[in-house]
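Reader: I am new to protein structures and would like to go through one step by step. Could you help me read it?

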Amino acid sequence: MSAKRRVFSGIQPSGTLTLGNYLGAIKRWVEGQDAKENFICVVDLHAITVPQDPDALRANTRATAALLLAAGIDPARTTLFVQSHVRAHAEASWLLSCVAPLGWLERMTQYKAKAAAQESVLTALLTYPILQAGDILLYDAHEVPVGEDQKQHIELARDIAQRFNHLFGELLVVPEPKIAAAGARVMGLDDPAKKMSKSATARGHAVRLTDSDDEIRWAFKRAVTDSGREIVFSDEPEKAGVNNLLTIYQVTTGKDPDAVVADFASARGYGDLKTWVADAVIEAITPIRTRFHELMADPAELDRQVALGADHAREIAEAKLVAIKEAMGFGVPAALR
Ligand code: TYM
């Protein structure tokens with residue numbers, strides 16, 4: 001096992017990545033690249049738990065990998081790969097589904113919300129957190145940096161690891177969720193009561209990492225705030241819009257909350273707030289967007305970089321899978337080692 005602490009996290013290619021993904025997860029993955037041994041996975045097998053058009057899935061998987069590279073994920077320091085390129089993930093999911101009781105899955109809030117919004121629910125939407133647990137457990141990850149919405153899934157991965165260890169002997173590392181103090185739940189600009197989501201399609205809901213300056217300004221200009229004038233951090237539900245804008249500014253600029261409030265002391269109202277936050281976001285996103293388009297212009301090179309990550313991930317995941325199978329009582333023939 002490696003001397004550095006292992007970090008694993010994943011992101012679904014289910015739409016163009018948003019500012020929520022960036023501030024709640026990707027920016028932190030980029031900043032943490034030196035201290036730990038990092039694995040970042042584009043989880044395409046998770047994306048098909050809701051119906052996907054194959055061409056769109058292919059395009060989104062490539063674009064997601066390109067955006068991660070453009071945002072600063074460095075293949076020399078982070079193993080970046082696509083989940084379906086490492087078969088051990090699907091197999092681990094089956095094995096762990098024979099360890100996790102159904103009741104644990106039925107109480108997942110994300111499943112309940114997604115299932116309620118659909119007429120016909122795929123089986124895999126329910127078992128989705130088991131695939132996620134396998135992702136993490138195959139790499140002996142100690143830490144899982146995620147946004148707030150994934151906390152319950154990581155806790156389930158802990159429960160599954162503990163149950164496995166109890167049944168079959170101490171083999172799996174029990175991972176910890178790492179959730180940022182600020183930016184772990186970026187809200188929709190059109191509705192600050194709802195999490196910003198990459199699969200939501202309403203114009204003005206999300207800022208996407210590929211949006212033009214004009215689109216970003218448009219979305220911020222229409223951001224829902226309140227009828228007051230006070231530019232302050234606040235937990236009050238009616239200040240949720242302003243709080244969200246300040247939090248976006250805080251995490252985008254890396255300033256502390258006092259410095260953020262000081263920056264807005266001279267603002268003439270919410271109009272300035274929205275414009276200044278949009279400016280900060282545009283400044284942060286512009287280099288990502290530029291690099292993204294460069295990477296997308298050379299798909300063969302992009303695919304090559306992502307395939308390298310899978311080679312390294314496969315070695316680790318397959319060795320762990322063999323250990324898991326042996327612990328559960330499977331004989332593993334030499335050809336599968
Ligand atoms: P996904 O693709 O929905 O989101 C990727 C990451 O972005 C975070 N995030 C947000 N953070 C702050 N504000 C928001 N509005 C916001 N929206 C999304 C998410 O919390 C996440 O960290 N099931 C996972 C993917 C996954 C995974 C894993 C994660 C699969 N296997 C193993 C960790 C470890 C998901 O759907 O993330």
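Author: Happy to! Helices here are DSSP runs of at least four residues, numbered from the N terminus. Keep in mind that this is a predicted model.

Reader: In which helix do Glu 31 and Lys 27 both lie?

Author: Their side chains meet in a salt bridge, 3.0 Å from N to O. The two residues are four residues apart, about one turn of the helix, and that helix is α1.

Reader: Is Lys 27 buried or exposed?

Author: The cut-off for buried is under 20% relative accessible area, while exposed means over 50%. Lys 27 has 15% relative accessibility, so Lys 27 counts as buried.

Reader: How many residues apart in sequence are the parts that Asp 140 and Lys 320 tie together?

Author: Asp 140 and Lys 320 form a salt bridge, with the closest N and O atoms 2.7 Å apart. Asp 140 lies in the loop between α7 and β4, and Lys 320 in helix α13, so the parts tied together are separated in sequence by 180 residues.

Reader: Is Asp 213 buried, partly exposed or exposed?

Author: Asp 213 meets Arg 289 in a salt bridge of 2.8 Å, N to O. This pair links helix α9, which holds Asp 213, with helix α12, which holds Arg 289. Arg 289 counts as buried at 12% relative accessibility. Asp 213 has a relative accessible area of 28%, so Asp 213 is partly exposed.

Reader: How many salt bridges does the rule find across the interface of domain 1 and domain 2?

Author: A search of the whole structure finds 24 salt bridges. Across the interface of domain 1 and domain 2, however, the number found is zero.

Reader: What percentage of the area buried between domain 1 and domain 2 is on carbon and sulfur atoms?

Author: The size of an interface is often given as the accessible area lost when the parts come together. Domain 1 and domain 2 bury about 850 Å² between them. On the domain 1 side, Leu 19, Leu 23 and Ala 70 supply 51% of the area that this domain buries against domain 2. The share of the total on carbon and sulfur atoms is 79%.

Reader: Which strand is the place of Thr 79?

Author: Thr 79 has a relative accessible area of 11%, so Thr 79 is buried. Beyond residues up to four places away in sequence, Thr 79 touches several others, including Asn 38, Phe 39 and His 312. Its place is in residues 78–82, strand β3.

Methods. Residues are numbered from 1 along each chain as its sequence is written. This is a predicted model: local features need pLDDT of at least 70, side-chain atom pairs count only at pLDDT 80 or more; totals for chains, interfaces and linings use all residues. Side-chain values use heavy atoms; hydrogens and water are left out. Buried area is the accessible area (1.4 Å probe) that two parts lose on being put together, summed over both. A salt bridge is a side-chain nitrogen of Lys or Arg within 4 Å of a carboxyl oxygen of Asp or Glu. Buried means under 20% relative accessible area, exposed over 50%, partly exposed in between (1.4 Å probe, protein chains only). Contact means heavy atoms within 4.5 Å.
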